[in-house]
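Me: I'd like to walk through this model with you, one question at a time. Shall we look at it together?

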Amino acid sequence: MHILLGALTLIGAIIYLLKLLDDAGLIDLYRLDFLVWYRRRKFQKKAATEPLFALTDPKEVVALLVVAVAKIDGDITAEQKQTILQSFQDEFGLSREDASSLMGSNVFLLRNYLDVKKELKRILAPSKNTFTLVQADAAILLMERVARCEGEPSRLQSDFMESSKDYLPKRRVASNKWG
């Protein structure tokens, strides 16, 4: 019995000393907790992901692709901007302000990427399973509408649209268009 009391006292003393060292900042006891470590790691991975590669809503991804088609040749012209805004209003049922906000946020997301075509797989990866065939077709039509607003699409725009068709899903998923 006296051995058991001695062992319990020793364990209590070790826990107390570890707590004192933790309070003094010399060690971090929370690093030993697996669940805390797992949640922290999961949050760090999510926080470190570039927002461009974390889009899961098909509507946001389609809007990004449409803006990328217009921006792939350089700056977006006034005619392309009007076509994009009108397309967002017609297709997504957005107000003028919401369409402008959606376009502005996508231009901001694309600011650091000169060749979006190389990043298509990473952009579409989080949302690929949520796309329907109807949404993929609508995305292609919207990109073509924006590319043709000033005449024939450029070679870069045509290549980008062809690459997008390759990465967009080709199977049916039961869902409404943008629901």
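Reply: Gladly! One definition to begin with: a residue is called buried when its relative accessible area is under 20%. Keep in mind that this is a predicted model.

Me: With that cut-off, how many of the 15 residues of H2 are buried?
Reply: Helix H2 covers residues 34-48. It lies largely in the open, because the number of its 15 residues that fall under the cut-off is one.

Me: What distance separates the end C-alpha atoms of H2?
Reply: H2 has 15 residues, and at 1.5 Å a residue they should span 21 Å. The model agrees with this expectation, as the end C-alpha atoms of H2 are separated by 21 Å.

Me: And what about H1: how far apart are its end C-alpha atoms?
Reply: Helix H1 runs over residues 2-24, which is 23 residues.

Me: Is H1 well covered or hardly covered?
Reply: Among the 23 residues of H1, the count of buried ones is one. That leaves H1 hardly covered.

Me: Which residue just after H1 takes a positive phi?
Reply: Just after H1, a positive phi of about 85° is taken by Gly-25.

Me: Is Ile-72 buried or exposed?
Reply: Ile-72 sits in the loop between helix H3 (58-71) and helix H4 (78-92). The cut-off for burial is under 20%. Ile-72 has 17% relative accessibility, so it counts as buried.

Me: Which residues does Ile-72 touch, leaving out those up to four places away in sequence?
Reply: Let's look along the chain first: Val-116 is 44 residues away from Ile-72, with their C-alpha atoms separated by 7.7 Å. As for touching, with residues up to four places away not counted, the partners of Ile-72 are Leu-156, Gln-157 and Phe-160.

Me: Stepping back, what radius of gyration does the protein have?
Reply: The elements are eight helices and zero strands. The C-alpha atoms fill a box of roughly 90 × 35 × 30 Å along the principal axes. A compact globule of 179 residues would have a radius of gyration near 16 Å, but for the protein the value is 26 Å.

Me: Finally, what share of the 179 residues is buried?
Reply: The protein exposes about 11600 Å², with carbon and sulfur atoms supplying 58% of that area. Of the 179 residues, the buried share is 34%.

Terms used:
Residues are numbered from 1 along each chain as its sequence is written. This is a predicted model: local features need pLDDT of at least 70, side-chain atom pairs count only at pLDDT 80 or more; totals for chains, interfaces and linings use all residues. Side-chain values use heavy atoms; hydrogens and water are left out. Helices (H or I, at least four residues) and strands (E, at least two) are DSSP runs, numbered from the N terminus. The radius of gyration is taken over C-alpha atoms; the globule rule is 2.2 Å times the number of residues to the power 0.38. Buried means under 20% relative accessible area, exposed over 50%, partly exposed in between (1.4 Å probe, protein chains only). Accessible areas come from the Shrake-Rupley method with a 1.4 Å probe; for residues, only the protein chains shown count as cover. The expected span of a helix is 1.5 Å times one less than its number of residues. Contact means heavy atoms within 4.5 Å.
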